[in-house]
Amino acid sequence: MVAAAAAGELRQADAVPRPAGTIRSEKQGNGLAAPIPATPGAESRRCHCDDDGDGGGVDDSSDQSPYKLFVFGDSFADAGNALKGRLGLNTRGWYEPCGVSDARHGGKPTGRCSDGMVQSDFVAKILGHKEAPPAERVRRHDGVDLSPGINFADAGAGVLLGWNLDTQIDVFRRLLRHKIVDDKDLSQSVALVAISAGVDYSDVPSDPADLDQYILNVTDGIVDGVRQLQDLGVNDLLVNLLPPIGCTPWNTRAYNYTECVRDSITGLHNKHLKHKLGDDDSVLLLDLDTVFKGIVTPKTEKLFYHRHTPCCESADEEGFCGQVDGDGNKQYTLCDGPDDYFYWDNTNPTQAGWKAVMEQLEGSIKDFLGS
C-alpha cells in the first residue's frame with residue numbers, strides 16, 4: 001500500500017494480492033461500448049432492488065439463455081470464489097455487512113464485495129440468466145448447475161498479482177481438457193474479462209517512464225488473456241476498461257469525498273486497451289471510465305445523492321468495510337440507505353451503482369451479441 005498522496009494526487013487502489021449503465025448504448029466503430037446520455041430524472045434509474053425479488057432491474061424474465069457465460073476478473077465480478085477464510089480485505093465479501101441488500105440470497109454475504117449484486121450478475125441478467133454463473137470453487141458441490149457457465153473471478157485478482165487472470169484461464173483450460181466444460185459449450189459462449197478494480201495499481205513505480213512500461217505490462221496481460229480465450233474457442237468477449245481510479249472513495253477520502261483527484265493511470269491504461277483490442281470484432285470494450293464519470297462527476301441531475309462517499313466506510317483509511325477489532329467491535333460505519341450511494345466501499349459500487357452502470361451498457365451489449 002502506498003502512502004497518502006499529496007493534495008490533488010492519486011492514491012492507488014485498496015487491494016493486496018492473495019498469496020500462492022434500460023438506457024440505450026451503441027457499439028461504436030472502434031469496438032467501444034459508450035453510453036448515450038440518459039434523459040434527466042434520477043428516480044427512474046434508481047435501484048428498486050426488491051422490485052423483482054432478486055436484486056435485479058435488468059430484464060430477468062427467464063433463465064433459458066442461449067449463452068454460456070464465463071467470468072474472469074476481480075472483485076467487480078467475483079461471486080464466491082475467494083475462500084471464506086479469516087476476515088480480511090480479500091475475504092470481506094463473506095462477512096457482514098456485505099450482502100445486506102441482496103434479497104435473492106436473503107440479505108446474507110455470498111462472497112460478493114458489495115451490498116448485493118455485482119457486475120457479473122448484471123451481465124448474466126442481460127444474457128437472460130438470473131444471476132452470475134456459479135463460482136468455480138463450488139462446481140463439485142451437490143446441486144450446482146453449470147449450465148449457465150462458470151465464474152472464475154477472484155476478489156484479490158489482477159493481471160500481475162493475486163489469483164491472476166492467467167491462472168484463472170489456466171483453470172478454465174483444464175476444465176476444457178477434462179471435458180467438464182465441453183467444446184460445444186463454447187459455440188454460444190460469452191466471456192466477461194473484468195480486471196478493473198485496480199489491484200495491479202495498488203503500488204506502482206514513481207518514475208513516469210517506469211510507470212508507462214508498468215501500465216503497458218498490465219494491459220498486455222489483459223490482451224494476452226483475451227487471445228488465450230479466443231484460442232480456446234470463446235466466441236464473444238466483453239472486456240472492461242478501467243474506471244476512473246481518481247474518483248474512488250479510496251482517493252477522494254482525503255478531500256472529504258468532494259471531488260475526483262488527478263489520475264494519469266486510467267487514461268493510459270484505457271488508451272492501450274483501445275489500441276490493442278478496439279478493432280477486434282469479437283471484443284466489446286465496456287467503457288466504465290465514461291459511465292462512472294457520468295454518474296459521479298455531474299454537478300446537477302444527480303443520480304445518487306452520495307457519489308464519492310462510500311456506504312460502508314472504514315474507520316481507518318487503511319482499513320476495509322466489515323473490519324472488526326480483536327473484541328469484535330466494528331471498525332466501520334454503515335449507511336442507512338445503500339440505494340443512495342454509488343460506492344459501497346473504497347473501490348466497489350453498490351448494487352444500485354452496478355445497476356445504473358449496466359443499464360447504460362445493456363443496449364450496446366445486446367447489439368454486439370445480435371440479441
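E359 is found in helix α7, where helices (H or I, at least four residues) and strands (E, at least two) are DSSP runs numbered from the N terminus. At 4% relative accessibility, E359 counts as buried; buried means under 20% relative accessible area, exposed over 50%, and partly exposed in between, with a 1.4 Å probe and protein chains only. The C-alpha atoms of E359 and I126 are separated by 9.2 Å, although these residues are 233 residues apart along the chain. This is a predicted model, in which local features need pLDDT of at least 70, side-chain atom pairs count only at pLDDT 80 or more, and totals for chains, interfaces and linings use all residues. Residues are numbered from 1 along each chain as its sequence is written, and side-chain values use heavy atoms, with hydrogens and water left out.

I126 belongs to helix α1, in which Q119, S120, D121, F122, V123, A124, K125 and I126 are buried. Eight of the eight residues of α1 are buried, so this helix is largely enclosed by the rest of the structure. Just after α1, G128 takes a positive phi of about 105°.

How do α1 and α7 lie against each other? Two packed helices are described by the angle between their axes and the distance between the axes. The axes of α1 (residues 119-126) and α7 (residues 351-369) come within 9 Å and cross at roughly 40°. Here axes are lines fitted to C-alpha atoms, for helices over the stretch in contact, and angles run from 0 to 180 degrees between N-to-C directions. The two helices are therefore oblique to each other: angles under 35 degrees count as roughly parallel, over 145 as roughly antiparallel, 65 to 115 as roughly perpendicular, and the rest as oblique. The crossing of α1 and α7 is right-handed. A crossing is left-handed if the near helix is turned anticlockwise from the far one by less than a right angle, and right-handed if clockwise.

On the α1 side, the contact (heavy atoms within 4.5 Å) is made by Q119, F122, V123 and I126. On the α7 side, Q351, W354, K355, M358, E362, I365 and K366 take part. By class, this contact has six nonpolar, two polar and three charged residues. Ala, Val, Leu, Ile, Met, Phe, Trp, Tyr, Cys and Pro count as nonpolar, Asp, Glu, Lys and Arg as charged, and the others, Gly among them, as polar.

Helix α7 also meets helix α6 (residues 288-296). Their axes come within 10 Å and cross at roughly 125°, which makes α6 oblique to α7. This crossing is right-handed. L288, V291, F292 and I295 of α6 touch W354, A356, V357, Q360 and L361 of α7. The residues of this contact divide into eight nonpolar, one polar and no charged.

W354 is listed in the contact with α1 and in the contact with α6. W354 also forms one aromatic cluster with F76, F292, F304, F342 and Y343. The structure holds eleven aromatic pairs. Rings of Phe, Tyr and Trp (its six-membered ring) pair if their centres lie within 6.5 Å; planes under 30 degrees apart count as stacked, over 60 as edge-to-face and the rest as tilted.

One of these pairs is F72 with F152, which is stacked, at 5.0 Å centre to centre and 5° between the planes. F72 lies in strand β3 (residues 68-73) and F152 in the loop between β4 (149-151) and α2 (165-177), so the pair ties together parts that are 80 residues apart in sequence. F72 is buried at 0% relative accessibility, and F152 is buried with a relative accessible area of 3%. F152 also pairs with F172, this time edge-to-face, at 5.6 Å centre to centre and 70° between the planes. F172 lies in helix α2, so this pair ties together parts that are 20 residues apart in sequence.

Most residues other than glycine have a negative phi, and most peptide bonds are trans. A cis peptide bond, with omega about 10°, joins E96 and P97, and P97 is found in the loop between β3 and α1. K179, in the loop between α2 and β5 (189-194), has a positive phi near 65°. Y257, in the loop between α4 (249-252) and α5 (265-277), has a positive phi of about 55°. K179 is exposed, with a relative accessible area of 51%, whereas Y257 counts as buried at 11% relative accessibility.
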